[in-house]
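Visitor: I would like to learn how to read pockets, cavities and cores in a model. Can you take me through them one at a time?

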Amino acid sequence: MEHEQLLQASTELMNHSLGYIRSMALGCAAKLGVADAIHHAGGRATMDDLRAALSLHPSKLPYFLRRVMRVLVASGVFAHDEEEDDDDIYRLTPVSSLLVTATGGNGGRSLLPFVLLQLSPPLYVTPATSMAEWLTSGEEETPFEMTHGAGLWTVCSRDPELGELFNDAMAADSAFIMDVAIRGAGRQVFDKITSLVDVAGGTGTAARVVAAAFPHIKCTVLDLPHVIDSIPADHRGRDVVMFVAGDMMDFIPRADALLLNFVLHDWSDEDYMKILKRCKEAIPSREAGGKVIVIDVVVGSSTQAMCHGTQLLFDLLISTTLPGMQRGEKEWCKVFKEAGFTDYKISPVLGIRSIIEVFL
């Protein structure tokens, strides 16, 4: 290998090994509320503006925050202008606008809770650091189980703070992706149905988006009792959706359509098949308008490098936390057929995710 190739290879290796610092810088800005601070400053904020808005400790010099911001500017999360007096001006980009929680910042669809979940030390980061140890150790099903001594769902049910973190993240992601789907190419998926069950629908965010856009659709949310119980009773009493406490492995209420939004990738092949068979029991034929609507990753659905790379990263993240996996089209097709479905249609219209309509 030539001298220049060696240097280039060493630079690339160092960049890969330091990639976690980029993620931690994003987590720092997310926790501090940098995007909100810039938004409240009118979309342009100096370092002094940020220091004042973020209530940083007086002993912390601005140089560290400037270094954090420099990494995030280089990554495209924020934008940067340098004024004549050498004062740094920071601006939002389309990426960081999704971290704004203020009303009107991004149409009210902030992904900040989802980012905080992805960068949560107990739920995702620490298990991910244990992949090598897990691969050479005993019988734990996932690195997460090796770290915590129990699975994700058990940990979230035992720890109210972690459960709330997870539910808030799922709600934020559901609100964002369902809003995009219904406003865009996914709208026709819901046009002709009159009833829908959001399976493992959490606190009902996705179902509420559907109900608001399609008032004629009767929307029901099915989830485990501890999830339904986390919703204040007075909220449930006046909600536009109905809630059913139960286990999708045992029973799914009947409806024209079932929604599985970012659910199936969580489960092993055995449980995956159980869920699909329960779905099959709960919908009418295709001729009668029945279908299952799956919103999930189809690995390889995009040739765009960032999209495909993110699909692979998310697949590995899921595998460190849960017994499930992300699937390519051939794998989706195989399990649909084995579960007794006759046809499906994939629409790769949601970034790393696709809308999959599955029919009897």
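Visitor: What volume does the largest pocket have?

Guide: First, the general idea. On a 1 Å grid over the protein atoms alone, a pocket is an open set of points with protein on both sides within 12 Å along at least five of seven lines; a cavity is a set where a 1.4 Å probe fits but cannot get out; lining residues have an atom within 4 Å of a point. Points are joined across faces, edges and corners, and a volume is the space filled by probe spheres set on them. Here the largest pocket has a volume of about 2,100 Å³. This is a predicted model: local features need pLDDT of at least 70, side-chain atom pairs count only at pLDDT 80 or more, and totals for chains, interfaces and linings use all residues. Residues are numbered from 1 along each chain as its sequence is written, and side-chain values use heavy atoms, with hydrogens and water left out.

Visitor: Which residues lie closest to the centre of the largest pocket?

Guide: The lining counts 45 residues, and Ser 23, Leu 26, Gln 118, Thr 310 and Leu 313 are the closest to the centre. Next, look at secondary structure. Helices (H or I, at least four residues) and strands (E, at least two) are DSSP runs, numbered from the N terminus. Elements that each supply at least two residues of this lining include helix H1 (3–17), helix H2 (19–32), helix H12 (160–183) and strand E10 (343–350). Helix H17 (305–321) is also among them, and H17 gives the largest share, nine residues.

Visitor: How do the lining residues of the largest pocket divide by class?

Guide: The classes work like this: Ala, Val, Leu, Ile, Met, Phe, Trp, Tyr, Cys and Pro count as nonpolar, Asp, Glu, Lys and Arg as charged, and the others, Gly among them, as polar. The lining of the largest pocket has 30 nonpolar, 12 polar and three charged residues.

Visitor: Which domains contribute to the lining of the largest pocket?

Guide: Domain bounds come from an automatic or database domain assignment. For this chain, the assignment gives domain 1 (1–98) and domain 2 (111–359). Each of the two supplies at least three residues of the lining of the largest pocket. Their C-alpha centres lie 32 Å apart. Contact means heavy atoms within 4.5 Å. Seven residues of domain 1 are in contact with seven residues of domain 2.

Visitor: And the second largest pocket: which residues lie nearest its centre?

Guide: Its volume is about 710 Å³. Of its 35 lining residues, Trp 153, Phe 166, Asn 167, Asp 223 and Val 227 lie nearest the centre. H12 gives the most to this lining, with eight residues. By class, the lining has 17 nonpolar, 13 polar and five charged residues.

Visitor: What lines the second largest cavity?

Guide: About 30 Å³ of space lies in the second largest cavity. Its lining is Ala 29, Ala 30, Gly 33, Val 34, Ala 35, Asp 36, Leu 99 and Leu 112. H2 and helix H3 (34–40) each give two or more of these residues. H3 has the largest share, three residues.

Visitor: Last, the packing. Which residues have the most contacts inside the largest nonpolar core?

Guide: A nonpolar core is a set of buried Ala, Val, Leu, Ile, Met, Phe, Trp, Tyr and Cys residues joined through side-chain atoms within 4.5 Å. Buried means under 20% relative accessible area, exposed over 50%, partly exposed in between (1.4 Å probe, protein chains only). The largest core has 29 residues, and those with the most contacts inside it are Ile 252, Leu 258, Leu 260, Val 292, Phe 336 and Phe 341. Elements that give two or more residues to this core include helix H16 (269–282) and strand E8 (291–299). H16 gives the most, six residues. A second, separate core of 27 residues includes Ala 181, Leu 196, Val 209 and Ile 293.
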